[in-house]
Amino acid sequence: MSNRIGFVGCGNMGSAILNGILEADLVDKEDILVSCRSDESKNRISEEFGVTITDNKAVAEKCNTIFLAVKPNVFPVVIDDIRDAILVGKMPLIISIAAGMPINKIEDMFGRDIKLIRSMPNTPALVGEAMSALCVNDNVTEDDKAKALAIFESFGEAEFIDEELMDAVIGVSGSSPAYIYMLIEAMADGAVLSGMPREKAYKFAAQSVMGSAKMVLETGIHPGELKDAVCSPGGTTIEGVAMLERMGFRDAIISAEKACVDKSIEMSK
């Protein structure tokens, strides 16, 4: 049996994962099967990636790794489609990318032993810079984990975590790109206010955010120490930092993440 990878659903995130797999040459495109509902999606996936378009049942029957890349509200319908079609005598690796769907809830929907990885990638996957969290059920082997890690690292960075941390992950990486986009937009607005053309303002702001993140990741220096290095005594930067502190910048970020985590916990019940 060849190492076939199947996708049940293939929207933006599914497409990013599929692209990463192909770019990294993890499998041949002939060994990828995709099931999606709309003709528009079928045509887009076929033209963009050249993979086989099929239905849910065929994905379940033929694939060793199956991505559940659909919205949580259609999980019951999709799982009904594939539950009894899964490779006879086999236990394929099933990977969910849905928010608010804990492992025990998905296991209950299948009503049978499955190998399941719950994942939370984020939208920078679309440019190959995702941060993904993975957690596993008891049936997942070390080989399965290695296979999943190779897939998720084909479009960014990935870490295995305990499932109890998944709500925190959703706050710190799953939803946080939205906060960063707001920060970039606000930084650019400030530059426009000072006379900079908007197109340049977005570039200066976005590159500064990307470069600062790279400094944290590549130097290993504490973010507070990096901040201090920019703040000359009596200079412009410390003036700006002081204003951010007066306006509750840190508290706003922490509170936003806490609200996100609380919503994730509520959705998972």
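By salt bridge I mean a side-chain nitrogen of Lys or Arg within 4 Å of a carboxyl oxygen of Asp or Glu. R250 counts as partly exposed at 49% relative accessibility, and E245 counts as partly exposed too, at 39%. For these words, buried is under 20% relative accessible area, exposed is over 50%, and partly exposed is in between, with a 1.4 Å probe and protein chains only.

Before we go on, a word on what you are looking at. This is a predicted model, where local features need pLDDT of at least 70, side-chain atom pairs count only at pLDDT 80 or more, and totals for chains, interfaces and linings use all residues. Residues are numbered from 1 along each chain as its sequence is written, and side-chain values use heavy atoms, with hydrogens and water left out.

Now the overall picture. The chain has twelve helices and eight strands; these are DSSP runs numbered from the N terminus, with helices being H or I of at least four residues and strands being E of at least two. Its C-alpha trace spans about 70 × 40 × 30 Å along the principal axes. Of the 269 residues, 38% count as buried.

Back to salt bridges. The count comes to twelve. One of them joins the side chains of K115 and D144, at 3.2 Å from N to O. This pair links distant parts of the chain, with K115 in strand β6 (residues 115-120) and D144 in helix α6 (residues 142-152), 29 residues apart. Are these two buried or exposed? K115 is buried, with a relative accessible area of 15%, and D144 is buried as well, at 6%.

Compare E266 and K263, whose side chains meet in a salt bridge at 3.9 Å, N to O. They are three residues apart in helix α12, so about one helical turn separates them. K263 is partly exposed, at 45%.

I180, Y181, L183, M187, L244, F249 and I253 make a nonpolar surface patch of about 570 Å². The elements giving two or more residues to this patch are α8 (176-193) and α12, and α8 has the largest share, with four residues. F249 lies in α12 and is partly exposed, with a relative accessible area of 35%. A patch takes residues with over 30% relative accessible area and no salt bridge, joining nonpolar side chains (Val, Leu, Ile, Met, Phe, Trp, Tyr) within 5 Å and like charges within 9 Å. The areas come from the Shrake-Rupley method with a 1.4 Å probe, and for residues only the protein chains shown count as cover.

One last stop: D25, in the loop between α1 and β2 (32-35). The phi of D25 is near 55°, a positive value in a residue other than glycine. Most residues other than glycine have a negative phi. D25 counts as exposed, at 66% relative accessibility.
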